[in-house]
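Please open the structure in your viewer and keep the selection panel at hand.

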Amino acid sequence: MPMTAVCDAFEEKYGDRCEIVRTKFFQDKQDPDLKYVEDTLIKEVKNHNKYKIFGLFQFSMMRLVGQKISLKFLYGTWWKRGFKPSLALMQELNADLIFNTHFATLYYACAAKKRGLIDSKIVVYCPDPIIGQQWDRRADVFALSSAAGKVAAEKKRGFKNTSVVQVPFLIRKAVASYTESRAFYRREIDVPEDKFTILLADGAYGAGRLGETVRQLLKSKLPLNVIAVCGKNEKLYEEFQKLTPPGNITFKPYGFTDKMLTLSAACDLFIGKAGASNLAEPAYFGAPAIITFTATPIEKWIGAHYTDFVKSAIKITNVKKAVQLAERWAQSPELMAPYVAACASERRCDGPDILADKLWEILVSDK
């Protein structure tokens, strides 16, 4: 979503002055070795969600061994099949500037530049509050949305030749067009206008505590709209479709959907894992969050950003207690007021424009 937001803004502003290539890096060439890397990355994400210790172990090992050796092992040995094809694709694209929002393409771009295969400016947006060990530090420019993260990055070894800039979170500019009331968007998704509305999501793979939380919510005696987004977790989506909610609850399950902005604009409360866009979009619309799951140190940093800095969220990993709080807020919405007020600081959508201007400045600086 951050990638699309910036690319849309850049294309609108500068598309008539340069060639813009949008590539699904691991898919467009239909190369089985590239697809293998993508599939393995997806599997890793699912494992992190299913077995929390898995992600903690990996990040601990990266800190122990060191970033340079860890990344060289991961891409040169663990994902060896995709290494040469990835560098070849970077060389084929032959871009003046490469913009990344994922650490894998960032590494391949840096490796290709190191080998003299490309002479690109490499820019990366890190959607996390802190730049972790998985982000190659050889990029020319790092952008992130956390002031604390910027300060921390500038103190780290490896950033001496890298510019670190802060921009507002890269929420999609389309949010600005959602100017109607919550009742309006509830009509759009065909749920009652007058019920307290809870949106639940656990990322693209729906692999956190989504199923457990939904089943607990469906036991409530309160009038609720419960909207559950399963993402690519088709098994869970099929299970949800078979559930029969009580008469007081309107239950709407979704699979992988392009309606997240509408759903966010319709909800009073978000419950789910600490994903960057997961929390940013409901917050933009004034909906606080109850964080029930953090799979990796990255998600812990994201969660802490919203609970400790923005103060629009509260973390409760016990599902029963999380649902009990949601019910208290549904009965007495005034209890949410401090969290709703905190959401106001997140009501910005100019980040993509700001970063698009920065990309253009970098692109033409050497021309």
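A residue is called exposed when its relative accessible area is over 50%, buried when that value is under 20%, and partly exposed in between. The model on screen is predicted.

Begin by selecting L64, which is found in helix 3 and is exposed, with a relative accessible area of 67%.

Turn next to the salt bridges, of which the count comes to 20. Select R22 and D8, whose side chains meet in a salt bridge at 2.8 Å, N to O. R22 lies in the loop between helix 1 (2-14) and helix 2 (32-50) while D8 lies in helix 1, so the pair ties together parts that are 14 residues apart in sequence. R22 is partly exposed at 43% relative accessible area, and D8 is likewise partly exposed at 38%.

Now move to R172 and E281, which form a salt bridge with their closest N and O atoms 3.0 Å apart. Because R172 lies in the loop between strand 4 (163-166) and helix 8 (182-188), and E281 in helix 12 (residues 276-284), this pair ties together parts that are 109 residues apart in sequence. Is E281 buried or exposed? E281 counts as buried, at 3% relative accessibility.

Finish with D350 and R348, whose side chains meet in a salt bridge at 2.6 Å, N to O; D350 is partly exposed at 28%, and R348 counts as partly exposed at 42%.

Technical notes
Residues numbered from 1 in each chain as written. Predicted model: local features only at pLDDT ≥ 70, side-chain atom pairs only at ≥ 80, totals over all residues. Heavy atoms only, no water. Helix = DSSP H or I, 4+ residues; strand = E, 2+ residues; numbered from the N terminus. Buried < 20%, exposed > 50% of the residue type's maximum accessible area, 1.4 Å probe, protein only. Salt bridge = Lys/Arg side-chain N within 4 Å of Asp/Glu carboxyl O.
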